[in-house]
Amino acid sequence: MVTLCGAGGVGKTRIAWRVAARFGSAYERRWVDLASVYDGALVGQAVITGLGLQDQTGRSSVEVLTEHLAERDVLLVLDTCEHVTDECASLAGALLDALPGLRILATSRAPLGVRHECVVPVGPMSTGPDGDAIALLTARVEQAGQAAGEPSPDRVPAHDEPDELVSLCDVLEGMPLAIELAAPLLRSASARQLNRQLAERLDLLSPDTPSDTDLTAVRPRHAGLRTSIGWSHEWCTPHERLLWARLSVFPGSFTMTAMEFVCTIKPLFGYDLTDALASLVRKSVVVREGPPGARRYRMLDTVREYGAEWLERCGERDELCLRHRDFYRHLALTGAEGWLGPRQPEVYRQAAAEHANLRAALQHCLRTDPPAALHMAADLFYFWFACGNLREGRHFLEAALASDPPHEPGRARALWVCAVVASCQGEHRIALKRATEALELATRTDDGPARAWATYAQGLALTLQGDTGPALERFEVALPLAEAAGEEIAGLLCTASHSYLLMALGELDRAQDLAERVIARAAPTEDIWVRSFGHYVIGTLDTVRGHPARAIPSLRTALEAKWLLNDAYGIAITLDTLALAAVDDGQAEWAAWLLGLGDQVWRKVGVPQLGAPDMVERRRTCEQRTRAALPPPTYERHHRAGLTLDTSTDDVPAHLREPYLLA
């Protein structure tokens, strides 16, 4: 383990990127940004997510990561560890002990204290006439001009004499972030002017120091960075300074819409912040990301910290945190309300982009308003259950239930959401317990929607643990409850789950009828998620009945929907069935490829087939038939192609839509 240690703004992250890029093809490289993870309990989950895993089980993070990284040579970069050092050290130490092929590169303002950690101090850039600092400053001045639409100069403007530029870099102590912030100012002021102003600011740091004293010997270490940030602050207009402070409440990136809601209180109420934000971007205070149609903004950690200090001084911290919380509570609620409809992919993408902000809002609720945490965690049902975030959902749901008063009206809802999440993690005993608690509470309080959902949650847990008789009874009870309560999603899921269970019991005609009913009832809403369950059952039924050519289009339709929503569990079970249909249709090479891709997804999910007996048997049968149809080297070649496919893009891989051809 190597830890790059240095002050904020010294360039640790940039160095880590370069090291990772040069590390060679012998190692897989994985990057995990921990800057927005303020709850140490979520460090392990952040690493799991950073590795592209969607483990659905309740196992520890160390166990999940150890299993995934075993017998692999991996470079794991943990960026920005200083605020969660204990948790990072514990995780890193456990992984290094268990995985001889693992290398960890961390960035932090302080060492982590892991055994055998090699600490590499990261210092400032060289500041002489030929140093890196002057090269960076010159490049950034030109870039600032280009961003402002000015013609690119052949060199730094004539009034910026070389000696003054060198002096400026020296006063800024060669700190890259300080240079980044100073560069835009050189488009409107000379280096001599900036040097004089900066010297005056540094004098204020040591008011009792004699005038002939070498300030570099007495001022605090890295005062140049701190001073340059304050200096950039002074070059901002009052509205820009206030916006800078208020933007510090966003732990990660944010949209213009979020900024306008959170930040427009007096004296910015009714004020168009577009120009102020654009100016902060030009001054390198805010970083702009993404294409014009999906523009997002963020602040570097050190700049955000400075803004947070001013927000505290202004006495606005509590109010801004509350507005941030309310904005993302509303986003979670509108996502839940709009989930059954044509906007499902958009709702998922929005929640995924706002993950850091949703997490921060939930943590704020847990600290200050447990009932709000209960409601928000339950509102994100779709994000936890349908979009592959079960582990984090379980964490927040359990925390909210533990801190919330037992008679809170939203408690029954949070209990059944927790039950559904636990079921999909394979923890059926806990799921049944939570579902039963929810049903008892909903019955006492005459909460019709919660009664319907809790009954469905009981049926789901019983189905996945193989208790088909009781599960069937629960679904038969849940459906009329859902219809009476007007819970359309619950009714559709009951019907879909009931259909799946009948199929497992061999009642194929009844299963077909219910699956078709799910598709027909959900079609007017333009939903793709619930309909994908119906298409999956119909495709599976056609496969079981010996009609693989008819099954493949239904299974592809289900798979495309699940891929759009990042439903890893749904993707995995559909791939297994599609592979069986492919081999029965005479496409054994495609089947081998699908099995490989399915194995890749199951590794990310956790326990293969979640231990469900019928799913395990279907996967075993498919592999046997595919191996029998192909020579061993051919099977292994196609299986490996699927196993190693890059699935990091949002698009459904082309081979799921087109006839399979192995490049």
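This is a predicted model: local features need pLDDT of at least 70, side-chain atom pairs count only at pLDDT 80 or more; totals for chains, interfaces and linings use all residues.
**Reading a parallel sheet and its surroundings**

Reader: How should I read a pair of strands, and which residue stands opposite Leu78 of E3?

Author: Strands of a sheet pair through backbone hydrogen bonds, either parallel or antiparallel. Two strands count as paired if DSSP finds at least two bridges between them. Helices (H or I, at least four residues) and strands (E, at least two) are DSSP runs, numbered from the N terminus. Here, Val32 stands opposite Leu78 in E3. Leu78 also has a bridge partner in E4, namely Ala106. E3 and E4 run parallel and are joined by 5 bridges.

Reader: In what order do the strands of the open sheet lie?

Author: The order is E2-E3-E4-E1-E5, with 5 strands and parallel pairing. At the edges are E2 (28-33) and E5 (118-121), each pairing on one side only. The twist averages 15 degrees from one strand to the next. Such angles run from 0 to 180 degrees between N-to-C directions, and axes are lines fitted to C-alpha atoms, for helices over the stretch in contact.

Reader: Over how many bridges does E1 pair with E5?

Author: E1 (residues 2-5) pairs with E5 in the parallel sense over 4 bridges. Cys5 has Pro121 as its bridge partner in E5. Thr3 stands opposite Val119 in E5. On its link to E4, E1 also pairs in the parallel sense over 4 bridges. There, Cys5 stands opposite Ser108.

Reader: Which way do the side chains of E3 point?

Author: In a regular strand the side chains alternate between the two faces of the sheet. Val74, Leu76 and Leu78 point one way from E3, while Leu75, Val77 and Asp79 point the other way. All are buried. Buried means under 20% relative accessible area, exposed over 50%, and partly exposed in between (1.4 Å probe, protein chains only). With 6 of its 6 residues buried, E3 is largely enclosed by the rest of the structure.

Reader: How many residues of helix H2 are buried?

Author: H2 (residues 43-50) is mostly covered, with 6 of 8 residues buried. They are Val43, Gly44, Gln45, Ala46, Val47 and Ile48. These buried residues pack against E2, helix H3 (61-69), E3, helix H4 (85-98) and helix H20 (390-403). Contact here means heavy atoms within 4.5 Å. Just after H2, Gly52 has a positive phi of about 80 degrees.

Reader: How do I read two packed helices, and at what angle do H25 and H27 pack?

Author: An α-helix has 3.6 residues a turn, so residues three or four places apart point the same way. H25 (residues 488-504) and H27 (residues 529-544) pack at about 15 degrees, with axes 10 Å apart. Angles under 35 degrees count as roughly parallel, over 145 as roughly antiparallel, 65 to 115 as roughly perpendicular and the rest as oblique. H25 and H27 are therefore roughly parallel to each other. Their crossing is left-handed. That means the near helix is turned anticlockwise from the far one by less than a right angle; clockwise would be right-handed.

Reader: Which residues of H25 and H27 meet?

Author: From H25 come Ile489, Leu492, Leu493, Ala496, Ser499, Tyr500 and Met503. From H27 come Trp529, Val530, Phe533, Tyr536, Val537, Thr540 and Leu541.

Reader: How many disulfides does the structure hold?

Author: A disulfide is a pair of cysteine sulfur atoms within 2.5 Å. The structure holds 0 disulfides. The closest cysteine sulfur to that of Cys88 is in Cys81, 3.8 Å away and too far for a bond. Cys236 is in no disulfide either; the nearest cysteine sulfur, that of Cys314, is 13 Å away. Cys88 is buried at 1% relative accessible area, and Cys236 counts as buried at 4% relative accessibility.

Reader: Is Glu240 buried or exposed?

Author: Glu240 is buried, with a relative accessible area of 8%. It lies in H11 (residues 238-247). Not counting residues up to four places away in sequence, Glu240 touches Ala276, Ser279, Leu280 and Lys283.

Terms used. Residues are numbered from 1 along each chain as its sequence is written. Side-chain values use heavy atoms; hydrogens and water are left out.
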